[in-house]
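Student: I'd like to go through this one in questions and answers. Can you show me the sequence and the structure?

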Amino acid sequence: MKPETKQTSQDSTSEIAILGFDPGAHLAAILDASDDAIISRDLNGTIVGWDGSAAQMFGYAANEIVGRPIFVLIPQELQGEEDEILRKLRAGDRIDHHETILKKKNGDRFSVSVTISPIRNATGAIVGASEAARDISARAKDDESRFQLAAIVDSADDAIVSKDLNGIVRTWNHGAVRMFGYTTEEMVGQSILRLIPDDLHYEEDEILRKLRAGDRVDHYNTVRMTKNGEPFEVSVTISPIRDASGKVIGASKIARDISDRRRMERLLIQSEKLAATGRMAAAIAHEINNPLESLINLIFLAKKNSPPGGKAHAHLQTAEQEVERIAHIARQTLGYYRDTGLPTEVHLHALIENVLTVYRAKLLASDIAVDTRFNDIQKISVSRGELLQVFSNIITNAIDAMHGGGTLNITTRKIAGPSGDGIQTVIRDSGVGIRREYLEKIFEPFFTTKGNLGTGIGLWIARQLAERRGGQISVASSTENGCSGTSVTIFVPFVAPAPRPSSQNH
Amino acid sequence: MATASVFVTGDHAPIVELPCTEVFHAVAAQRDRPTVLLVDDEILIVDTLTEILEGAGFSVLPAYDGRTALEKVARCGPDYLLSDVLMPKMNGVELAIAIRKMYPSTRIMLFSGQAGISDILLDGLRQGFEFELIAKPIHPLIVIEHLRGE
């Protein structure tokens with residue numbers, strides 16, 4: 001029997017081996033090889049048996065501890081437990097997996113799970129107890145780190161979710177609550193498909209297939225849906241969860257909301273595209289403006305040399321107008337002003353008057369009255385060409401909006417802007433106005449409300465130039481009968497932003 | 001005289017081989033025509049604009065590069081310089097600076113169809129020279145207006 005064996009097995013394994021194949025000794029060897037400390041004591045609590053594992057676990061050699069009370073191993077505050085244990089033992093009860101704390105020789109405390117069984121003599125009377133103690137401090141530490149892990153998981157910004165192989169959600173952290181809007185109660189036990197837009201449900205099959213094969217899905221960018229049905233972009237990493245035997249039983253899924261990142265990426269791509277467009281425009285400008293100049297001159301000469309009133313003269317007249325259309329587009333778009341304008345100190349109203357002079361004939365012909373109120377006393381350092389381009393594009397739009405005549409109101413004044421003091425120019429027309437659904441698009445390149453007559457880049461260029469100078473440009477419009485019109489506000493701060501090394505110019 | 005060819009509009013070939021610009025100036029002055037030194041490496045622009053300006057009452061000294069242009073006005077200054085900016089050998093700003101130094105009363109206008117010439121203009125600016133710049137394409141009537149200072 002185990003207890004008896006224990007009582008005689010305080011010696012080292014090698015000594016036992018000499019005893020030959022005595023079954024008791026054999027048992028003792030097994031016990032000694034066990035990681036559990038086997039201690040036996042009598043009913044007074046005196047230690048009578050102490051095996052090698054016990055020596056290793058507690059640090060006492062057998063001869064140091066045998067004969068001493070078991071209390072040596074029990075921390076002061078837990079010694080009360082011993083009375084209860086003795087009471088149970090005397091009643092012949094066994095104590096299974098009692099988790100407590102014991103003390104080593106060096107005073108260190110550690111967690112143990114003890115199983116205590118009564119030892120009976122040949123007559124069946126209880127004479128003592130054997131105590132198998134298992135060091136569970138590692139497990140306790142495990143529990144602790146598990147606890148910490150859980151806390152980390154819960155405090156993570158990412159949604160961390162686990163699911164079984166049928167795609168049923170098993171755990172749902174706070175990050176998931178925040179990201180998807182479902183509470184833990186709403187999601188645990190539900191299919192993960194709830195988060196996946198209908199047209200992407202096939203993804204889940206693919207993911208599950210990979211998981212079953214034990215594969216991982218890394219940083220997969222896709223779209224998921226919030227409780228409100230709003231789609232958003234996420235990057236998900238899904239790893240299989242295995243049980244102790246290594247079998248895949250589910251998956252952990254970490255999802256990160258990347259909508260903001262993607263938005264930034266898209267903006268970046270967009271601005272890269274625009275920069276490329278700008279470079280292309282500059283290159284084309286070179287190749288187009290010179291031949292255009294020659295063409296205009298040639299047509300002018302041909303017209304001069306053809307008899308007025310003749311057919312050729314009329315054709316040339318038309319050709320001149322058509323070429324002027326191209327020239328207009330080239331001037332407006334092909335970046336002439338963008339790169340040649342050196343900043344100079346000017347009065348904004350002088351620039352505006354300059355533009356108005358250019359369009360005087362057109363304004364008169366369209367029956368448009370011009371009402372200006374200039375209050376910009378201070379000069380401002382701007383690239384003349386760029387600002388001319390800005391005002392010219394906006395004033396052209398205003399004229400185009402007032403087919404049946406109207407009033408063009410232009411005011412300038414000094415204001416305190418978001419980026420310091422500057423001059424605000426408001427250009428208001430009483431034209432047809434811009435429909436609400438178009439308003440947010442009007443600064444996009446190639447968007448036009450003028451059909452074939454528009455290039456769709458006037459306002460886009462205007463905004464590029466204004467923003468490059470640190471300014472802002474905004475548009476308000478009404479299409480309501482009787483009070484329709486559009487008002488464009490341009491703010492240019494006195495202080496220009498620090499020049500950035502531009503990749504666009506060369 | 002060989003210089004007669006200068007005044008024949010449409011007859012371009014002999015223009016570059018003007019035998020004596022002094023004669024040109026003398027004749028121009030006699031006829032009370034303001035002289036324009038017109039420079040562009042785009043031959044067609046020079047040729048067409050020469051014809052147009054001649055027709056508008058100017059005497060034009062055409063040149064296809066800055067060096068030649070300078071040679072043409074070695075002894076007498078033109079009333080106007082109208083020059084492209086980006087040209088081989090000598091750019092418009094260098095030419096304009098040379099002319100300004102030689103003939104301070106010559107009115108100078110640069111025209112360009114190119115983006116990316118701000119560096120050249122800045123070079124001039126650093127040396128203290130700023131020139132009027134007009135954008136190509138530009139209608140010839142506007143060029144004439146500019147020359148007349150309107």
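Student: Which residues of helix 18 of chain A are buried?

Tutor: A residue is buried if 20 or more other C-beta atoms lie within 10 Å of its own, exposed if 12 or fewer and partly exposed in between, with C-beta atoms placed from the backbone. Helices (H or I, at least four residues) and strands (E, at least two) are DSSP runs, numbered from the N terminus. Helix 18 covers residues 458-468, and nine of its eleven residues are buried, so it is largely enclosed by the rest of the structure. The buried ones are Gly458(A), Leu459(A), Trp460(A), Ile461(A), Ala462(A), Arg463(A), Gln464(A), Leu465(A) and Ala466(A).

Student: Before we go on, what sort of model is this, and how are things numbered?

Tutor: This is a predicted model, where local features need pLDDT of at least 70, side-chain atom pairs count only at pLDDT 80 or more, and totals for chains, interfaces and linings use all residues. Residues are numbered from 1 along each chain as its sequence is written, while chains are lettered from A and ligands numbered from 1 in the order in which they are written.

Student: And just after helix 18 of chain A, what phi does Gly470(A) take?

Tutor: Look at the stretch just after that helix, where Gly470(A) sits. Its phi is positive, at about 85 degrees.

Student: Back to Ala466(A): how far is it in space from Leu387(A)?

Tutor: Leu387(A) belongs to helix 16 of chain A and is buried, because 28 other C-beta atoms lie within 10 Å. Leaving out residues up to four places away in sequence, Leu387(A) touches Leu351(A) and Val382(A); contact is taken as C-beta atoms, placed from the backbone, within 7 Å. Along the sequence, Leu387(A) and Ala466(A) are 79 residues apart. C-alpha to C-alpha, the distance in space is 7.7 Å.

Student: Leu351(A) is in helix 14 of chain A. How is the packing of helix 14 and helix 16 of chain A classed by angle?

Tutor: Helix 14 (residues 348-358) and helix 16 (residues 384-401) of chain A have axes 9 Å apart, at an angle of about 55 degrees. Axes here are lines fitted to C-alpha atoms, for helices over the stretch in contact, and angles run from 0 to 180 degrees between N-to-C directions.

Student: How many residues lie between strand 14 and strand 15 of chain A?

Tutor: Strand 14 (residues 406-417) and strand 15 (residues 420-429) of chain A pair antiparallel over ten bridges, with Asn409(A) opposite Arg428(A). They form a hairpin, and the number of residues between them is two.

Student: Is Asp367(A) buried or exposed?

Tutor: Asp367(A) is not a glycine, yet has a positive phi of about 60 degrees. It lies in the loop between helix 15 (360-365) and strand 12 (368-375) of chain A. Because Asp367(A) has 11 C-beta neighbours inside 10 Å, it counts as exposed.

Student: And chain B: what pattern does it follow along the sequence?

Tutor: Chain B has six helices and five strands. Read along the sequence, the pattern is α-β-α-β-α-β-α-β-α-β-α.

How values were computed
Two residues are in contact if their C-beta atoms, placed from the backbone, lie within 7 Å. Two strands pair if DSSP finds at least two bridges between them.
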